[in-house]
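Trainee: I have a model open on my screen and would like to learn how to read it. Could you walk me through its features one by one?

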Amino acid sequence: MSPQDILDTYGPREAMEYDVVVVGAGPAGLSTAIRLKQLATEKGQDVSVVVLEKGGEPGAHILSGAIMDPRALTELFPDWKERGAPLNQPVTDDAWSFLSETGATRTPNFLLPECAQNHGNYIISLSNFTRWLGQQAENLGVEIFPGFTAAEVLYNEDGSVKGVATGNMGIGKDGEPTENFQLGMELHARYTVFAEGARGHLGKQLIAKYKLDEGRDPQTYGIGIKEVWEIDPSRHTPGFVMHTAGWPLESDTYGGAFMYHMEDNKVAVGFVTGLNYSNPWLSPFEEFQRWKTHPNIKWYFTNDQGEVNAKRIGYGARAITAGGLMSLPKTVFPG
């Protein structure tokens with residue numbers, strides 16, 4: 001059955017009314033919901049805000065080995081330390097290196113531009129931070145619906161966004177409803193905020209419908225692959241940040257890698273490759289694995305005998321927007 005046939009057979013969908021619907025419980029979506037609640041409280045108003053999250057909980061689908069500048073968080077919650085925000089490991093040193101196949105050239109710290117200096121910032125688990133942010137939002141009265149994917153944009157007769165509909169549950173591989181079928185629901189709002197992240201499927205529809213990218217440069221993308229490792233304490237330097245460029249990528253391929261030393265002997269390592277690479281044999285995943293064999297990188301994962309003595313405890317990948325300010329589409333549209 002087609003989606004429309006399912007709706008005709010099992011509809012209409014239940015509808016819920018809110019002042020604001022936010023799609024995506026990442027840092028952006030949750031911060032939006034929190035700030036709306038704060039502003040409403042300051043003005044003595046009651047604003048109903050709901051956040052839809054496709055993951056089982058806020059933070060479940062967040063992937064980033066993250067360095068966080070706390071300035072925006074301080075604006076949102078000046079007392080974030082007292083609230084227990086999981087920013088525990090300040091950056092202690094920055095290393096920016098260009099790799100050859102066997103060696104590395106480190107840029108002296110005094111030559112690093114301000115944007116490459118991370119003193120005052122924190123190395124964090126972005127998923128843990130997002131989970132904490134979700135708790136703060138709920139404490140302010142924000143409703144969070146985890147496990148619900150926004151599957152469809154709903155429109156008013158005048159063409160403005162009316163809200164979103166969640167996906168149907170209990171659909172079999174053949175596209176037919178099973179005995180566990182449950183029709184999705186509609187969430188209507190005065191304003192709908194889409195915070196899906198890079199290349200969100202609803203965002204693509206909205207950009208096309210309202211021509212939000214008119215007059216903008218084309219967006220470009222990269223893929224980021226990340227792993228979290230637990231390494232030997234003798235190889236761990238809490239707060240140490242390393243970024244590399246060069247090998248194993250060819251000179252005409254945009255990309256680089258990072259290693260962030262978190263707390264508890266854990267490091268987040270990642271590899272970013274621009275998706276405009278021309279080499280048909282290039283595999284970002286395999287290049288990432290090659291990068292870890294470089295002498296300056298391999299040392300962190302091995303003992304003095306060259307044997308691996310670290311344990312990988314998590315991994316994942318995601319798309320990254322890389323076009324910059326000139327590729328940013330308009331962010332406001334009717335509804």
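Trainee: Let me start inside: which residues line the largest cavity?

Mentor: Some background on the model comes before that. This is a predicted model, in which local features need pLDDT of at least 70, side-chain atom pairs count only at pLDDT 80 or more, and totals for chains, interfaces and linings use all residues. Residues are numbered from 1 along each chain as its sequence is written, and side-chain values use heavy atoms, with hydrogens and water left out. Now the general idea: on a 1 Å grid over the protein atoms alone, a cavity is a set of points where a 1.4 Å probe fits but cannot get out, and lining residues have an atom within 4 Å of a point. Here the lining consists of Thr-244, Ala-245, Gly-246, Trp-247, Pro-248, Leu-249, Gly-255, Gly-256, Ala-257, Phe-271 and Trp-291.

Trainee: How do the lining residues divide into nonpolar, polar and charged?

Mentor: Ala, Val, Leu, Ile, Met, Phe, Trp, Tyr, Cys and Pro count as nonpolar, Asp, Glu, Lys and Arg as charged, and the others, Gly among them, as polar. By that scheme, the lining has seven nonpolar residues, four polar ones and no charged ones.

Trainee: Is Glu-287 buried or exposed?

Mentor: Buried means under 20% relative accessible area, exposed over 50%, and partly exposed in between (1.4 Å probe, protein chains only). Glu-287 counts as buried because its relative accessibility is 12%. This residue belongs to helix H6 (residues 284-291).

Trainee: What does Glu-287 touch, not counting residues up to four places away in sequence?

Mentor: Contact means heavy atoms within 4.5 Å. Glu-287 touches Pro-248, Leu-249, Phe-271 and Leu-282. Pro-248, Leu-249 and Phe-271 are also among the residues lining the cavity.

Trainee: How many aromatic pairs does the structure hold?

Mentor: A pair of aromatic rings is described by the distance of the centres and the angle of the planes. Rings of Phe, Tyr and Trp (its six-membered ring) pair if their centres lie within 6.5 Å; planes under 30 degrees apart count as stacked, over 60 as edge-to-face and the rest as tilted. The structure holds eleven such pairs. One of them joins Phe-145 and Phe-148, tilted, at 6.0 Å centre to centre with 55° between the planes. Phe-145 is buried because its accessibility is 15%, whereas Phe-148 is partly exposed because its value is 24%. Ring pairs also link Phe-77, Phe-129 and Trp-132 into a cluster.

Trainee: Which lysine lies over the face of Phe-288?

Mentor: A charge sits over a ring if NZ of Lys or CZ of Arg is within 6 Å of the ring centre and within 35 degrees of the ring normal. Lys-292 lies over Phe-288, at 5.0 Å from the ring centre. Likewise, Lys-209 lies over the face of Tyr-210, at 5.7 Å.

Conventions: Helix = DSSP H or I, 4+ residues; strand = E, 2+ residues; numbered from the N terminus. 1 Å grid on protein atoms, 1.4 Å probe; cavity = no way out; pocket = protein on both sides within 12 Å on 5 of 7 lines; lining within 4 Å.
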